[in-house]
Each structure stands twice: as C-alpha cells, then as structure tokens.
Amino acid sequence: MVGDQQILDLLPSRLREARRNQGLSLDAVAKLSGVSRSMVSQIERGESSPTIATLWNLTRALQVDFAGLLEEGADADRIEVLRDTQVPTIENRGEGCRIRILSPPKDAGKHEVYDIRFSPDGILDSKPHTRGAREHLTVVEGLVEVTSGEGSEDLRSGDTARYAADIPHCIRAKDGPARVFLVVQDA
C-alpha cells in the first residue's frame, strides 16, 4: 500500500511523465486543465501539493487514470496482460467477421489495433473515417480483397497494404476464411 508521504513523493514525477507521454507543454496542460502554468510547474517540481480538485483537473486533461497515477511501480516495470477471454470483441460490425480490439481504450481515434477473423465471404465494409485516416493491414491467413475508394487489391498471407481510410473502404475474405491484423491511424 502506498502511504501519504509516498504519494506526495510519486506525484510530481508521475504527472510530468504523463504530460510528456501526451507530448504536451506546460502551457497546453494549463489550458486543458484550467490550472495555471506556474501551479502545474510547481506541482511537477514537488514544490506544491495539489488539492484533490486540482489533481482531478490535471488527470482529466492528461487523460490518465486518477488511481493508476499513484499505483506502486512505474509503468515501465509493469506488463499489462489481457487474457484471450478478456480482449474486447465486436461481432456486430460487418458480415461474417469477428473483430478483436487489441489497442487500449485511450488510443481510440489515434492508433487502433485490431485482429479480424473472417468466415468465408465475410466482409467489413467501412464508411470514411476522419480526414487523413489511414489503415495498415497485414494478412495473417487466407486471401482478402482490400478496396479503398476506386482502388482494389487481392492480398495473400504475409502481404501488407496501406491505404486511405478517409474514403469508403472494404475488406472481404475470398476463397475461404481469412485473418488480418489491422492498424488504423487517426480514425
């Protein structure tokens, strides 16, 4: 269990690490949180102890879990494991496909990772994502047809395709079941 003094000792470095992991400046955190830049700086240097309300505003702005920020052991020392049955799965998108969400929820819209398994003739027909979105698909098993806008390519096991996802696009299993690994950027 982490004691009161240990929390105060951990807090400055954990907040600074969370801010840097988000690629945010002190000014940006101040604007996002409503906490003054000087106060954010003092907290990160361990010169000031934030109120619960201030800490809450900072963790929301940094998109970090309030409790997780103060857990023992640095993130670098932990391995987050989701057992097979714990991996979130979507089965109501497309036809004949099962989508396993491999990326953490905090990455949604930025960097999403999926393991998609298609039954024979399964299809995932997608509407355009946000402007500039791209998909990177690698075929693990089987044969798939990838369509992006007017372009179309057949891919076999081991092939990789990179394509625009801000236009209508589609992945379709051909000649049997298939499995792909899909990374969506800036969805």
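Hi everyone, let's start with Lys174, which counts as partly exposed at 25% relative accessibility; that label sits between buried, under 20% relative accessible area, and exposed, over 50% (1.4 Å probe, protein chains only). This is a predicted model, where local features need pLDDT of at least 70, side-chain atom pairs count only at pLDDT 80 or more, and totals for chains, interfaces and linings use all residues. Residues are numbered from 1 along each chain as its sequence is written, and side-chain values use heavy atoms, leaving out hydrogens and water.

So what does Lys174 pair with in a salt bridge? Its partner is Asp154, at 3.0 Å from N to O; a salt bridge here is a side-chain nitrogen of Lys or Arg within 4 Å of a carboxyl oxygen of Asp or Glu. Lys174 is in strand β7 and Asp154 in strand β5 (residues 151–156), 20 residues apart. Strands are DSSP runs of E, at least two residues, and helices are runs of H or I, at least four, numbered from the N terminus. Asp154 is partly exposed too, at 42%.

Strand β7 also holds Arg172, whose salt bridge to Glu145 in β4 ties together parts 27 residues apart in sequence.

Now, the core. A nonpolar core is a set of buried Ala, Val, Leu, Ile, Met, Phe, Trp, Tyr and Cys residues joined through side-chain atoms within 4.5 Å. The largest has 19 residues, and Ile116, Phe118, Leu137, Val144 and Leu182 touch the most other members. β7 gives the most to this core, with 6 residues. Val144 is in contact (heavy atoms within 4.5 Å) with residues including Asp154, Arg172 and Lys174. Thanks, everyone!

Note on methods. Lists of a residue's contacts leave out its neighbours within four places in sequence.
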